[in-house]
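User: I'd like to go through this model with you, one topic at a time. Let's start with the open spaces in it.

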Amino acid sequence: MATCLVTGGAGFLGSHLCDELLRRGHRVICVDNLETGSLHNIEHIRVPEFEFRQLDIIEPYFVDEPVDFVYHLASPASPIDYLRLPLHTLKVGSHGTHHTLGLAKKHRARFLIASTSEVYGDPQVHPQQESYWGHVNPIGPRGVYDEAKRYAEALTMAYHKQQGVDTAIMRIFNTYGARMRAHDGRAIPTFMRQALQDLPITVFGDGSQTRSFCFVSDLIDGMIRLAESGEHFPVNIGNPDEFTLLELAHAVVDVTGSASDIVFEALPTDDPKQRRPDITRAKELLGWEPKVALREGLQRTLDQAGRDALVGHAR
Ligand code: NAD
């Protein structure tokens, strides 16, 4: 049994990670300031191997007991959150990552940072390999998130090279599943909320921009595989099946049996036009590839979350 520290453990991905680590027999210390996460995501966990600590990792923090793995997920993640919290986002990516790397160093723990496909910005190569350096506007509205994560990757690599910390960098592509927040502004929760209420489904631009959507159980499996590997360089984890936003909207309408129409709205600033991971490294290094196809994942999301949660009435 390993002891795993999960920052951001009360969030969407963090809470699924806590569930899976406990299922695999590990002990979990979950730290979160509940800025964008919720106790609702972890209230079902009632085992002595799980402990929740409410704290803000922008301030220095310590864990006295030995820790074997540090999963560093704390950060606002959806555009609605990081546009509302620009300085917090920069601080959690910088100070928060610095404090968490220091903690991993002290405990000689394996450290994994949840980075993002957003480090590639609006990419000029397609699909994106880890060797691509990205195309980011540092002073655009999304810059606070993209640059926080780019800085966090640089800090992680510096701690590895200069301090010998055993680090991993995971570049996560769009992920979905139960416990997404209905109003977090990302495409799948927004479309599902609208579809379940038979409201118009709002697609940005003409809907031809593409994304790749990974079901949460696949993502968490890839995350744990990467943490348990010896890899130090970035690894993309995401589903390479690419869909236009219009295709996604139609899939959501089908799965929910909705009567919604699809309407088009202005494209947000610096919105990437296409996004698809090259997962060759994940396949070769980790033996990982996603198993859940889009429609199956949408159906599982509907079944596992329930209609009330997806329309935002559960909390
Ligand atoms: P989320 O907002 O649901 O979870 C983030 C958690 O971090 C929340 O519980 C929040 O309260 C916590 N947090 C934020 N600031 C904190 C602070 N200063 N101190 C302590 N806790 C803090 O988001 P998510 O979708 O679960 O994303 C988790 C991680 O994965 C993030 O780092 C995000 O950048 C990364 N990621 C997610 C996706 C995705 O599709 N969900 C894609 C790429 C990267």
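Analyst: The second largest pocket has a volume of about 530 Å³. To find such spaces, a 1 Å grid is laid over the protein atoms alone, and a pocket is an open set of points with protein on both sides within 12 Å along at least five of seven lines, whereas a cavity is a set of points where a 1.4 Å probe fits but cannot get out; lining residues have an atom within 4 Å of a point. Points are joined across faces, edges and corners, and the volume is the space filled by probe spheres set on them. Please keep in mind that this is a predicted model, in which local features need pLDDT of at least 70 and side-chain atom pairs count only at pLDDT 80 or more, while totals for chains, interfaces and linings use all residues. Residues are numbered from 1 along each chain as its sequence is written, and side-chain values use heavy atoms, with hydrogens and water left out.

User: How many residues line that second largest pocket, and which lie nearest its centre?

Analyst: There are 23 lining residues, and His16, Ala178, Arg179, Met180 and Ala305 are those nearest the centre. The elements that contribute two or more residues to this lining are α1 (12–23), α6 and α9 (294–305), with α6 giving the most, namely four residues. Helices (H or I, at least four residues) and strands (E, at least two) are DSSP runs, numbered from the N terminus.

User: And how many cavities of 30 Å³ or more does the structure hold?

Analyst: It holds two of them, and the largest cavity has a volume of about 60 Å³. Among the residues lining the largest cavity are His72, Thr89, Ile113, Tyr145 and Lys149, and the elements that give two or more residues to that lining are α3 and α4.

User: Changing topic, where does glutamate 231 lie, and is glutamate 231 buried or exposed?

Analyst: Glutamate 231 sits in the loop between α6 (216–227) and β11 (235–237). Its relative accessible area is 15%, so it counts as buried, where buried means under 20%, exposed means over 50% and partly exposed is in between (1.4 Å probe, protein chains only).

User: What does its side chain make a polar contact with?

Analyst: The partner is the side chain of arginine 281, at 2.8 Å. A polar contact here is a pair of N or O atoms within 3.5 Å; within protein, one must be able to donate a hydrogen and the other to accept it, and residues adjacent in sequence count only if both atoms are side-chain atoms. Leaving aside neighbours within four places in sequence, glutamate 231 is also in contact (heavy atoms within 4.5 Å) with residues including Arg110, Thr167 and Leu285.

User: How about histidine 135, where is that found?

Analyst: Histidine 135 is in the loop between β5 and α4, and with a relative accessible area of 36% it is partly exposed. Its C-alpha atom is 4.8 Å from that of glycine 121, although the two are 14 residues apart along the chain. A polar atom of the histidine 135 side chain also lies 2.7 Å from the backbone oxygen of aspartate 122.

User: Which peptide bond is cis?

Analyst: The bond joining histidine 126 and proline 127 is cis, with omega about -10 degrees, and proline 127 is found in the loop between β5 (110–116) and α4 (143–163).

User: And what is the phi of leucine 34?

Analyst: Leucine 34 has a positive phi of about 65 degrees although it is not a glycine, and it is partly exposed at 22% relative accessible area. Arginine 108, another residue other than glycine, has a positive phi near 50 degrees, and at 79% relative accessibility arginine 108 counts as exposed.

User: Last topic: what does the count of disulfides come to?

Analyst: The count comes to zero, a disulfide being taken as a pair of cysteine sulfur atoms within 2.5 Å.
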